[in-house]
Amino acid sequence: HTSDHLMGSICSHTGERSGDSATKLLDATHDYCSDNENLDSLWEVLARGREQIGLDQLRDAVEAAFQLFVRKRNPKRRVQAEKRSARYVDEIMREVVPLVDKDGNYKVSRDEFDHYGKYLKVQWKLLQTDLHR
């Protein structure tokens, strides 16, 4: 089933956000995927004290995860323009939003964010399996 491996399979393409917050988000995503931190750490980087995040912040999280997966899959590959990765992030968002925004209010609570954490861990394990073939 293709969507079971969506993030890892399309991450041979990429884009990149600039800025310190993007770096913090990328680092927090890596720490979570690598089991160095729990999901609360990633949530705090995104939510910055708020009780919910919007889909824009969720997209930022997906973009950071996409960047991480691209770098893991292709460490020597030069990063392409963000516009080129947007369609891949859009595709991932179409899969992630229904999993995460359970009540359909276009906001993500901390409890709902657990679903993103589970999704991310599954995708990370699939990527690790692919890389060790």
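Predicted model: local features only at pLDDT ≥ 70, side-chain atom pairs only at ≥ 80, totals over all residues.
Q: Fine. How many helices and strands does the protein have?
A: The protein has six helices and two strands.

Q: And in what order do the elements run from the N terminus?
A: Starting at the N terminus, the order is α-α-α-β-α-α-β-α.

Q: What share of the residues count as buried?
A: Of the 133 residues in the protein, 42% count as buried.

Q: Let's zoom in on Thr29. Where is Thr29 found?
A: Thr29 sits in helix 2, which covers residues 20–33.

Q: Is Thr29 buried or exposed?
A: Thr29 counts as buried, because its relative accessibility is 0%.

Q: What lies 2.7 Å from a polar atom of the Thr29 side chain?
A: That would be the backbone oxygen of Leu25.

Q: Leaving aside neighbours within four places in sequence, which residues is Thr29 in contact with?
A: With those neighbours set aside, Thr29 touches Leu42, Ala64, Ala65, Leu68 and Leu120. Ala64, Ala65 and Leu68 also turn up in helix 4's part of the meeting with helix 2.

Q: At what angle do the axes of helix 2 and helix 4 cross?
A: They cross at roughly 70 degrees, and the axes come within 9 Å; helix 4 spans residues 55–73. The two helices are therefore roughly perpendicular to each other.

Q: Which hand does the crossing have, right or left?
A: Helix 2 makes a right-handed crossing as it passes helix 4.

Q: Which residues meet there?
A: Helix 2 brings Leu25, Leu26, Thr29, His30 and Cys33, while helix 4 brings Asp60, Ala61, Ala64, Ala65, Gln67, Leu68, Phe69, Arg71 and Lys72. By class, this contact of helix 2 with helix 4 has eight nonpolar, three polar and three charged residues.

Q: Changing topic: where does Val97 lie?
A: Val97 is part of helix 5, residues 82–100. Apart from neighbours within four places in sequence, Val97 is in contact with Leu55 and Leu58.

Q: How far apart in space are Val97 and Lys107?
A: Their C-alpha atoms are 9.8 Å apart, and in sequence Val97 and Lys107 are ten residues apart.

Q: Last one: among contacts between residues at least 6 apart in sequence, what share join residues at least 24 apart?
A: For the protein, that share is 80%.

Note on methods
Residues numbered from 1 in each chain as written. Heavy atoms only, no water. Helix = DSSP H or I, 4+ residues; strand = E, 2+ residues; numbered from the N terminus. Buried < 20%, exposed > 50% of the residue type's maximum accessible area, 1.4 Å probe, protein only. Polar contact = N/O pair within 3.5 Å; in protein donor to acceptor, adjacent residues only side chain to side chain. Contact = heavy atoms within 4.5 Å. Axes fitted to C-alpha atoms, helices over the stretch in contact; angles between N-to-C directions. Parallel < 35°, antiparallel > 145°, perpendicular 65-115°, else oblique. Left-handed = near helix turned anticlockwise from the far one by under 90°. Nonpolar A, V, L, I, M, F, W, Y, C, P; charged D, E, K, R; others polar.
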